[in-house]
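User: I am new to this structure. Please show it to me, and then let me ask how its features got their names.

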Amino acid sequence: MNQPAYRWDTGLRLRVFGLLLFLLSLLVGLGVILTFTFTQLNSFQERARLTQENVRRAEQVATHFAEVTSALRGYVFTGDETMLEPFEPKMNELTELLSDLEASVAADSEQVRRVHELRGLIETWRSQVAEPEIERMRQGSPGAGSILMNDGINYTTQINDLRRTIIDEENSRMEADVRRASTASDQVVRVTWLAISLAAVLA
């Protein structure tokens, strides 16, 4: 019985086909990995931007609170009502700023709790320190200024400490994201070079 003649190019074509199939699979896998990694990098970049915005807001809280306390001290020490002109607008800006900050950290329950606590401290400072001192000054009370110099200092210290904690937590999260982004970038480089090396060996 006659057997068909062996064609020397059949095995070569099978090898080439197998190689092309392998390279195609390799490119698809590499594409999936790169897509996932770049998605992660974009996520880290967005979170870093958000963190920077949160830090900026927390620093603005310090600036606005310093301005309202300065307005209150100026009024208590001088009795000049015009010193209180920035008080109400800055308190409103503080409230709005804290609302923005609370919404911005909504994904982190601990940060939400801290911002809520910070808002509570500032509102308590207003109701327990600022408003009573203003009322005492307007009534001509000889004890005006005593609340500001005692409870006022305590509340201010708590507010500043909590604000710094919020900033520290945001910075820590950003540093962790930077480390993860660096690791993801290294993985992209390693996977890319591995794919190039395999393709070169099999070519």
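Predicted model: local features only at pLDDT ≥ 70, side-chain atom pairs only at ≥ 80, totals over all residues.

User: Why is H64 called buried?

Analyst: Buried means under 20% relative accessible area, exposed means over 50%, and partly exposed lies in between (1.4 Å probe, protein chains only). H64 has a relative accessible area of 12%, so H64 is buried. H64 lies in helix α1. Helices are DSSP runs of H or I with at least four residues, numbered from the N terminus.

User: What does H64 touch?

Analyst: Contact means heavy atoms within 4.5 Å. Leaving out residues up to four places away in sequence, H64 touches K90, E93, L94 and L97.

User: What makes S104 count as buried?

Analyst: Its relative accessibility is 15%, so S104 counts as buried. S104 sits in helix α2. Its contacts are L50, N54 and R57, not counting residues up to four places away in sequence.

User: How do you know that E53 forms a salt bridge with R56?

Analyst: A salt bridge needs a side-chain nitrogen of Lys or Arg within 4 Å of a carboxyl oxygen of Asp or Glu. The closest N and O atoms of E53 and R56 are 2.2 Å apart. That distance is within the cut-off, so the pair qualifies. E53 and R56 are 3 residues apart in helix α1, about one helical turn. E53, R56 and R57 are linked in a network of salt bridges.

User: Why are E53 and R56 called partly exposed?

Analyst: E53 has a relative accessible area of 22%. R56 has 35%.

User: What makes D161 and R164 a salt bridge?

Analyst: Their side chains meet at 2.5 Å, N to O. D161 and R164 are 3 residues apart in helix α5, about one helical turn. D161 is partly exposed at 37% relative accessibility, and R164 is partly exposed at 40%.

User: How many salt bridges does the structure hold?

Analyst: The structure holds 12 salt bridges. Another of them joins E110 to R113, with the closest N and O atoms 3.1 Å apart. E110 and R113 both lie in helix α3, 3 residues apart.

User: What makes a set of residues a nonpolar core?

Analyst: The members are buried Ala, Val, Leu, Ile, Met, Phe, Trp, Tyr and Cys residues, joined through side-chain atoms within 4.5 Å. The largest nonpolar core has 29 residues, and F87, L118, I122 and W125 touch the most other members. Helices α1, α2 (87-104), α3 (109-139), α4 (146-149) and α5 (151-202) each supply at least two residues. Helix α3 gives the most, with 8 residues. F87 touches V68, A71, W125, R126 and A130, not counting residues up to four places away in sequence.

User: Why are L21, L24, V28 and V32 called a patch?

Analyst: Patch residues have over 30% relative accessible area and no salt bridge; like charges are joined within 9 Å, nonpolar side chains (Val, Leu, Ile, Met, Phe, Trp, Tyr) within 5 Å. L21, L24, V28 and V32 are Leu and Val residues that form such a nonpolar patch on the surface. Together they have about 380 Å² of accessible area, calculated by the Shrake-Rupley method with a 1.4 Å probe, where only the protein chains shown count as cover for residues. V28 lies in helix α1 (residues 8-78).

Definitions and conventions
Residues numbered from 1 in each chain as written. Heavy atoms only, no water.
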